[in-house]
Amino acid sequence: MNSIFSTRQHALVCSLAVNKLDGLLILGHENIQYITGFTGNAAYAIMTEKHQFLITDYRYFERAQSECQGFEVICRDRDNESLGACIKRHLLNIEHLGFDAAFINVQAWQDIVQSLTGITLSPIVGLIEQQRMIKDEWEIKQIALAAAIADQALNETMPYFTAGATERDVALELEYRMQKLGSQGMAFNTIMLFAARTSLPHGVPGDQKLQAGDFITLDFGAVVNGYRSDMTRSYILGAASAEQKAIYDTVAAAQHAAIATLKPGVTSAQVYFASKAVLDASPYAKWQGEGLGHGVGLFLHEQPFLNAKTEYQLQRGNVVTIEPGIYIPGFGGVRLEDDFLITDTGCQVLTHAPKPFEI
């Protein structure tokens, strides 16, 4: 078995013991991939100290056999055996079972519960996600590759920011180039907005045409082996007005203030307040966005989160975004976002696309 998965599985078994669980039913696809190596859908994993099973069906059985590390693959006959019955059949001497509570709907859970009589079931949230916060070297490499693809795709897309181009057209061009460079789909739905529409933090690309003097905001990411990058850039087509430049400079200063704090031992809240202090002191304080950033990996938004209430102390191996923004309805907005790896002594930036404000 691949040593990476052996290490992950051993850590999870230790967590089960700490939480007084005999086993864990893993339901989230990203969590299953992290623990087993299986990258498909329609799968359910059972993890105990002595037994590991992955239940799937004929569509994914062969693929699961080739990808799974340390797990016996079970092909369930969906026409003749319910999921609950199949799970029950492979639970040996289990009295207390945890389950991945964030990743199942009520109907599916009711089917499982009907079969698991006599077993104490406990909803578990964040157990594997906490383990995933610290990225191993292989994970870091995947995120860095995704970031490099996004960097290159943006560089190749820059000539398409011309007067008359629509948000949708430029977004499609960027996505096409990411996939041509090796991205396995998009990390999330690309945000590409022009002019006053840049005040929408998560707007959808439409038919807005770019004109000289317009704001441009693009937020996008690539995917490599399930791991995501996340980057935002803001531009002006042509010459910026004094007000536009002041907004951009404020956001850039807020990002720099947060980056300067990134190192092991610093809390998420401390990073957040370093950025917020710059925004609060500006004329644009009331238009600042909430929160500052988040972890990134198999999920686009995962722990740790950088906000006022999170006291998590950053550790070597965390990969986080720093993305302050100002959004003024009817006028426009600016957001700058980069991905950072926390190192032994500070941080390493993973996203390297330049940030010229005027293009």
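Predicted model: local features only at pLDDT ≥ 70, side-chain atom pairs only at ≥ 80, totals over all residues.
**Entry: S183**

I began with S183 and asked where it sits. S183 is in the loop that runs between α8 (167-180) and β7 (191-194). Buried or exposed? I noted a relative accessibility of 5%, and since the cut-off for buried is under 20%, S183 counts as buried.

Next I looked for what the side chain of S183 reaches. I found the backbone nitrogen of V223 at 3.0 Å from it. V223 also turned up in the contact list: with residues up to four places away in sequence left out, S183 touches I149, M178, A222 and V223.

**Entry: D57**

I moved on to D57, which has its place in the loop between β3 (52-56) and α3 (61-67). D57 counts as buried because its relative accessibility is 4%.

Which side chain does the side chain of D57 meet in a polar contact? I found R59, at 2.8 Å. Setting aside neighbours within four places in sequence, I listed A42, C75, R76 and R78 as the contacts of D57. I also checked a C-alpha separation: D57 and I74 are 17 residues apart along the chain, and 7.7 Å lies between their C-alpha atoms.

**Entry: salt bridges**

How many salt bridges does a search of the whole structure find? I got 20, and I picked out some of them to follow up.

I took R233 and D338 as a pair. Their closest N and O atoms are 2.8 Å apart, and the two residues form a salt bridge. I then placed both ends: R233 belongs to strand β11 (residues 231-236) and D338 to strand β17 (residues 338-342), so the pair links distant parts of the chain, 105 residues apart. Both R233 and D338 came out as buried.

D249 and K245 were my next pair. Their side chains meet in a salt bridge at 2.9 Å, N to O. Both residues lie in helix α9 (residues 242-259), where they are 4 residues apart, about one turn of the helix. How accessible are the two ends? D249 counts as partly exposed because its relative accessibility is 37%, and K245 counts as partly exposed at 44%.

I also looked up E323 and R335. They form a salt bridge in which the closest N and O atoms are 4.0 Å apart. E323 is in the loop between β14 (319-322) and β15 (325-328), and R335 is in strand β16 (residues 332-335), so this pair ties together parts that are 12 residues apart in sequence. With relative accessible areas of 16% for E323 and 3% for R335, I wrote down both as buried.

**Entry: helix pairs**

I came back to α9, this time for its packing. Its axis and that of helix α10 (residues 268-280) come within 8 Å and cross at roughly 155 degrees. That angle makes α9 roughly antiparallel to α10, because the cut-off for this class is over 145. I noted the crossing as right-handed. Which residues meet here? On the α9 side I listed T250, A253, A254, A257 and A258, and on the α10 side V271, A274, S275, V278 and L279.

F5, R8, Q9 and L12 of α1 make the contact with Q33, Y34, I35 and T36 of α2.

**Entry: P354**

I finished with P354, in the segment after β18 (347-349). Buried or exposed? P354 is exposed, as its relative accessible area is 61%.

What does P354 touch? Leaving aside neighbours within four places in sequence, I found R233 and Y235 in contact with P354. That took me back to R233, the salt-bridge partner of D338.

Conventions
Residues numbered from 1 in each chain as written. Heavy atoms only, no water. Helix = DSSP H or I, 4+ residues; strand = E, 2+ residues; numbered from the N terminus. Buried < 20%, exposed > 50% of the residue type's maximum accessible area, 1.4 Å probe, protein only. Polar contact = N/O pair within 3.5 Å; in protein donor to acceptor, adjacent residues only side chain to side chain. Contact = heavy atoms within 4.5 Å. Axes fitted to C-alpha atoms, helices over the stretch in contact; angles between N-to-C directions. Parallel < 35°, antiparallel > 145°, perpendicular 65-115°, else oblique. Left-handed = near helix turned anticlockwise from the far one by under 90°.
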